[in-house]
Each structure stands twice: as C-alpha cells, then as structure tokens.
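Here is a note for a colleague who is starting to read structures. Please keep the model in view while going through the points.

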Amino acid sequence: MVALGFRNAGRSVPRLVAVTLLIGAGFFLMLVMHAIGRAVEAHTAALQRSVDATLQVRAAGSMGHVNMVAQSDILPPEALDKVKAIPYVEKVETYLLAMTPTEGHNFAMVVGVNPGDTKRLESHGEAGTGRIIAGRDLTAADRGKRVGVMGQGFARWAGIHPDKLPAELILDLTRTHPVIFALDRPAAKLSIVGVYASGYVFGDMQLFMPLDTFREIYGVPRGLSWLYVKADSAANVASVERAIRAALGEQADIIAPATVAEFQTTTTRSVLRLTAAGMALSALLLAVIVYFVMLLVVRQRAWEIGTLKAIGAPNGSIAAAFLAEAFAYGLAGSALGLALFLGFGAPLAKQAFGLAVGPFIPAQYKDTLLDVLSVSAGLDAAQLALVVAVVALVSLAGSAHGLAHIVRLSPLQAMRQE
Amino acid sequence: MALIELRSVSKAYRKGRAEVWALVAIDLSVSERGMVAIVGPSGSGKSSLLHLVGAMDRPSSGEVEVAGQALAALPENALAGFRLRTIGFVFQSFNLIPNLSALENVMLPMEFAGVASNGRQKRAEALLARLGLEARASHRPAELSGGEQQRTAIARALANDPPLVLADEPTGNLDSKTGEMIYELLSEVALERTVLVVTHAEALARRASRVVHIQDGRLSGNG
C-alpha cells in the first residue's frame, strides 16, 4: 500500500506540479533561513576562537605595579581562592608586576609568572605573547631561581646579546622615574636564559621571571598584581564576571572581553531566533499545503477509500497509502527546494538576510555583518537530515486530519461522500 | 447450515428531519453454496440489504449473522477483517483502483490478508486466467472494456477464497451480451460458494437457485 501511495502522487500531473512548486518554495525558504542561521553561528564560533575568553582582575583603582606611583595596590591573598571556586572558571593565572626605568621617560615592565603560564605582553596581552628567539623559556625547574626571560628591546638596552646566553642582568630597585618610586631593596642579580621577540615595541620591553623569584626580589610575600581568569567559553564570560564581582566586591576591577559576549547576546541570539521562527513558519506553510492537498485527495478519492475498505483493507493500510502519498509530495517539493537552494541560495540568502533579519539586529552590525558572513548554499548530511525530517513531519501533520477522516468512515459512508 | 441469518433486521436512514425505513423486520436465511438473487424495484431496499450482509453498514435493529459471526458485536476494525476473510464484493461500477493493473487489483485483497508477494501473484494470475484475462493482466482499468473490468472485479472478489460473494447490480453497466457472460461466471462461482446478487435483470434472476423479492423494505416473496 505504501507503493500504491507513492504511485497515487503521480496520478494527476498538474496537481503534482502545483504541489511540488508550492512545497519547493517553502523548502527553499526554510533552507535559506537555515543557511543564514548557520552562517551566523559559524561567525560567532570564529569570534569565539579568535577572542580570548579571559578576564583580567586587579585591585580596584590600581594598575597593581608594586612600585608605580599611586598604582601599587595589589589584590589580597584570598582573592585567588575565591576566584578559583567560581563555576565555569577553567584556569587562573597569577601575575606580579613592577616597573624599571630605562632611557629618559621610558621604562620596562618586570613580571613574575608561574613558569608554564601565558606570558602576556603589554597590560592586557594585546601585543600577544612573545616567541623565544634565543636561549630557552622558563620551566617549572626555574621556580624560586634567579632566572629570567626578556624581550629583545629590553635586552638591547641592557647590553645583553642573544647569542651570549645566559647573561647577567642587575635590577636596581632604587632607581626612580616620574611614575616609579624607589624600593628600599637590594639590587638583584638575574641570569637571563632566554630572549623573546614580539614584533611590538613595548611588548619587547618586558622581563619575565618566576613568581616566587619576583616575591623575593621585590619583597612581596603575599597578594597578587593581576589574575588572568579564563572562562571555559566565551559564552560564560559574562557569568564569570558577575561571580567575580560578587566574590570580590569593591576590592577589584574586572576587565572583561565584551566583544563576543555582546555579539552573542545582541546579534547571534536574535538572528538565530529569527531564522528559527522563519524555519518554523516555512514548516507550518508546508504542513498547511500538505493539509489542503491531502484533504482534497481524501475527498476526491472517497469512493476509492470506500472500495478499499469494502474489500477488507485495514485502516492502517489505507492510512499508510495516504501518508506515503503525502510523503511523495513532500519529497518532490523538497527536491525542487534543494535544487533552487543550490542554484540561488547564496545570493538570495543575503537578500533575505537584509530584508528579514537586518531590521532586528544592532546598528553597529547591520551594515557590516552581511559582508563578513559567509552564507553557504552547500549541502551537508545535517541539512539533508533536516529536510527528510521536515518532509516526514509535515507529511504526518498535514495528513493527520485527512487520515482521521478516513479512519472514521465506514465503507458505505466513504462511497457516498463522493 | 445457513451461511446468512437475518433476524428482524430493520434499517432506517435520516433524510433531513424525516426517518426513512429502507428495511423493515427482515427475516432471511441463506444456505451455503448457490446463487440467491434479490430482486426489486429501485429504492426497494435491496442494496441496503446487501450492505448489511456485507458488513458495510449496521442495522438499526435486529441481528445479522454471517458465517457464524454476529456482526453487531464487531468493532469497525474487526469488520474490515471479517470482510477480508468472508466477503468478496462485485460492484456495479466495478470499483477497480484506476492506477493499478488488473493483476495488481486482484492481488490487493491478498496483500491485506498478508499473503506473500509470490503467492498472491501466482493466485492472481491463476484467477485472471480462469476468467480469460491472462493477456490483459498488465492493463490498467481504463484500458479494459466494461466486461473485462467486471471480470477483473470478480477475480478480485475471489482472491481470498471467501465463502460469500456479494454482487450489487453486476451487469448494470454492461451490454446484454457481456452481461450474459458475467451471469455465466457468477453461476460458476456459485457452484463452490454462496453468491448473493442484487439485480433488476430478470435473466440473471432466472439463473439463481433462489429469488428473494423485496418491495418497500419488506420481503414480498421468499422463494
């Protein structure tokens, strides 16, 4: 009977053509919406990959440099444990910072980090991380030792040649600068074991040493300058930020990467909701088309249904035939919709995006997002599965009323309906 | 033993606000094998009687028992199973499924009965051959003459080897010569089972082993 159902779909060629066109248009619309949604998801994922989901935490109102004028407040020791206990926190990296004068009004940064942690350059890591060009990086074995790795600019100023490592560096903590105050600490001798390059002038003016070594040299037994708190995903940055604020209160300033979170909350979510609504409307339209077609079919073939019942067809067999017929219309329409999508999907998706989605997203993305988005009219297994699932669903939903009507009829009632 | 037993069977239809009695207190007993013709003018209730016996409709009152089965007790789905096993229908308008070939039409009741594909094809081919339609097996109804269509319908009615064949004006849409051939076939069929035929045709009634006259919903002569 399933085979009969499929054959029944071809009984009226004009009807098959009309239904295929209508269903094809609905599927095309649905695939376009799906493609837009996927493009925005891909764009968001790319943003998430390219933007660090890391927050910087430092003492409120302070840069946290232990010898910087009016900026020397650091985080209390308990801050680390409080932050580590926050959900979605994947990793916390601890920094201690100081400054040391170089030429004129210039200075270099001295950073204490745990070996193995990221050695971020510049204040928020915007210069990236350095690449060792001579010697070696810090290792776990360097903890507590008087060793360091410095940028090539700072090394040049200090007269250290990358080809002659390890080299000795003397840190004079009593030297001052308009923004650096003197520390009453003895000069420290460090062995420079590596030189890095960052391609960024100020990024090359830094010196990294183990955190314990920094504590000893600068006389900071407790507390931290900065915490770098890595959330487990960009989506959880906002949640982690709220939790840190709740845990540390007014003690800390938090600098969070807002770009991805803002894009996700204002744009990705809106676009995905709109495309989901568009897809749902398309599916509804398809179900309505199938509903009316199958209602017409049931009415036109009442006599045939009556005959089938009279010769002993169980309701299940008749229902299977009508469902197969609805599924055949759905398949024909989806094939047309897929062909249209492959042919015209990408350009029309951009038009549809401008018309249907554009008005609902923030102005700062409206004009540029469409250029950035890569709307693909390609097909993959997930899309094909979606199409087949929608065909099955709308066939079932669209035929339900007609099928219920068939089941209720006695053979004689069916024959007399025509 | 009677194959069909009708006891005090009445059937009323609603026509607007009015109630029209198609059958009134019918008592009828039909034995196994042989042809019984139900004869009467249009609107006399003969088709209604056939529909009740064929479990296509339910009586307003009274009892219908066919092949030992009281039909009133059966739900709709069970009635479909009953029709499948017990009844073969032959309609005035043949009622073949238009987009199936003659062979496929004959195979259809066997598909419902769960007969394996090979088995139903063999039996359908044998039935069509018996009715002289082996060369027309692959043709669709629209490509067959009226007589060929009705013979195909008879083959379909015999597909599941039912004990009872119900024929509603089987020659009503055929010329007299073709009608004669159909009478012949039904007579043959009646040698091995019961054929209950509703007809206007005196010629067919004369071939019946028993003629039941019906008028205004009542049996007027029960020969």
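Predicted model: local features only at pLDDT ≥ 70, side-chain atom pairs only at ≥ 80, totals over all residues.

1. Chain A holds twelve helices and ten strands, and of its 418 residues 44% are buried. If one takes the contacts in chain A with a separation of 6 or more, 83% of them come from residues 24 or more positions apart.

2. Helix H5 of chain A, residues 211-218, is worth a careful look, and its buried residues are Leu211(A), Thr213(A), Phe214(A), Ile217(A) and Tyr218(A). Viewed down the axis of H5(A), these buried residues fall within an arc of 155°, so they line one face of the helix. What do the buried residues of H5(A) pack against? They pack against five strands of chain A, namely E2 (89-101), E3 (107-113), E6 (167-171), E7 (188-197) and E8 (206-210). Just after H5(A) comes Gly219(A), which has a positive phi of about 65°.

3. In chain A, the peptide bond that leads from Leu165(A) to Pro166(A) is cis, and its omega is near -5°. Pro166(A) sits in the loop between helix H4 (152-158) and strand E6 of chain A. For background, most peptide bonds are trans.

4. In chain B, four strands form an open sheet with antiparallel pairing, and their order is E2-E1-E4-E5. The edges are strand E2 (18-31) and strand E5 (69-70) of chain B, each of which pairs on one side only. Strand E4 of chain B, residues 61-66, is joined to E5(B) by two bridges, and Val66(B) has Gln69(B) in E5(B) as its bridge partner.

5. Two residues of chain B deserve a check of their backbone angles. Most residues other than glycine have a negative phi. Is Ala25(B) buried or partly exposed? Ala25(B) counts as partly exposed, with 15 C-beta neighbours inside 10 Å.

6. Finally, the contact between the chains takes 17 residues from chain B and 17 residues from chain A. On the side of chain B that touches chain A, the elements giving two or more residues are helix H2 (76-86) and helix H3 (102-112) of chain B, and H2(B) gives the most, with five residues. By class, this side of chain B has nine nonpolar, four polar and four charged residues.

Technical notes: Residues numbered from 1 in each chain as written. Chains lettered and ligands numbered in written order. Pairing = 2+ DSSP bridges. Buried ≥ 20, exposed ≤ 12 C-beta atoms within 10 Å, placed from the backbone. Arc of directions from axis to C-beta. Contact = placed C-beta atoms within 7 Å. Nonpolar A, V, L, I, M, F, W, Y, C, P; charged D, E, K, R; others polar.
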